[in-house]
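Colleague: I have a model open and want to learn how to read it. Can we go through a few features together?

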Amino acid sequence: MNKHTILFLGIILISALSCGKKSEPSPKSEDSNAVAIGSSDEFTKILESSRNKLLVFDLYADWCVPCRILSPIFNELAKIHNDKALFYRIDVDRHPDIAQAFGTRGIPYVVFVKNKEPVYALTGVNSKESYERVILACGSEIPVSECREKLAAQ
């Protein structure tokens, strides 16, 4: 095989893995503590009412294969750390305005927000420990300044 054939096969493989079927929903755990955001108004109310709470937003799309890989990790984090943070999922196809507000450039995109301020974000699928570091540094009633100091020291 020449390098053009290999490149062509690679593009086909990546396309097949990335595109998926849009009509097929992403896997969700029924007993997850992560809540799906239903509207921009709901998103705004969550931000307004979450004084000193860490909010963790998973921006995803049903057709996104890496998003499907992250989903069980995110659900597990939501179960384990529900005392330290509130977990939400946002479908970027249904809510492009929210995705744009976060400056989303790729998905999955997990944004950690405290007092209406994004304090950290991770793009792509990362290890469970990567997300836990942020949750432990910023969760519960930790002030934003202390949260940022802890994250900068890591």
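Colleague: Is lysine 128 buried, partly exposed or exposed?

Modeller: First, a caution: this is a predicted model. Buried means under 20% relative accessible area, and exposed means over 50%. Lysine 128 has a relative accessible area of 23%, so lysine 128 is partly exposed.

Colleague: What does the side chain of lysine 128 meet in a salt bridge?

Modeller: The general idea comes first. Side chains of opposite charge can pair when their charged atoms come close. Here, the partner of lysine 128 is glutamate 76, at 2.8 Å from N to O. This pair links distant parts of the chain: lysine 128 sits in helix H5 and glutamate 76 in helix H3, 52 residues apart. Glutamate 76 has 37% relative accessibility, so glutamate 76 is partly exposed too.

Colleague: How many salt bridges does the count come to?

Modeller: Seven. One of them joins the side chains of glutamate 117 and arginine 148, at 2.9 Å from N to O. Glutamate 117 is partly exposed at 35% relative accessible area. Arginine 148 is partly exposed at 37%. Another salt bridge joins aspartate 83 and lysine 84, at 3.4 Å.

Colleague: Where does the kink in H3 lie?

Modeller: At serine 71, shortly before proline 72. The kink is about 30°.

Colleague: Which residues of H3 are buried?

Modeller: Cys67, Leu70, Ser71, Phe74, Asn75, Leu77 and Ala78. So serine 71, where the kink lies, is on the buried list. The cover over these buried residues includes strands S2, S3 and S4, and helix H5.

Colleague: Serine 130 lies in H5. Is serine 130 buried or exposed?

Modeller: Buried, because its relative accessible area is 16%, and the cut-off is under 20%. The side chain of serine 130 also makes a polar contact of 2.9 Å with that of serine 127.

Colleague: And strand S4: how many bridges join S4 to S5?

Modeller: Six, and the two strands run antiparallel. To follow the pairing, find valine 110, which stands opposite leucine 122 in S5. S4 and S5 form a hairpin with two residues between them. In the turn, asparagine 115 has a positive phi of about 50°.

Technical notes
Residues numbered from 1 in each chain as written. Predicted model: local features only at pLDDT ≥ 70, side-chain atom pairs only at ≥ 80, totals over all residues. Heavy atoms only, no water. Bend = angle between axes of the 7 residues up to and from the residue. Helix = DSSP H or I, 4+ residues; strand = E, 2+ residues; numbered from the N terminus. Buried < 20%, exposed > 50% of the residue type's maximum accessible area, 1.4 Å probe, protein only. Contact = heavy atoms within 4.5 Å. Pairing = 2+ DSSP bridges. Polar contact = N/O pair within 3.5 Å; in protein donor to acceptor, adjacent residues only side chain to side chain. Salt bridge = Lys/Arg side-chain N within 4 Å of Asp/Glu carboxyl O.
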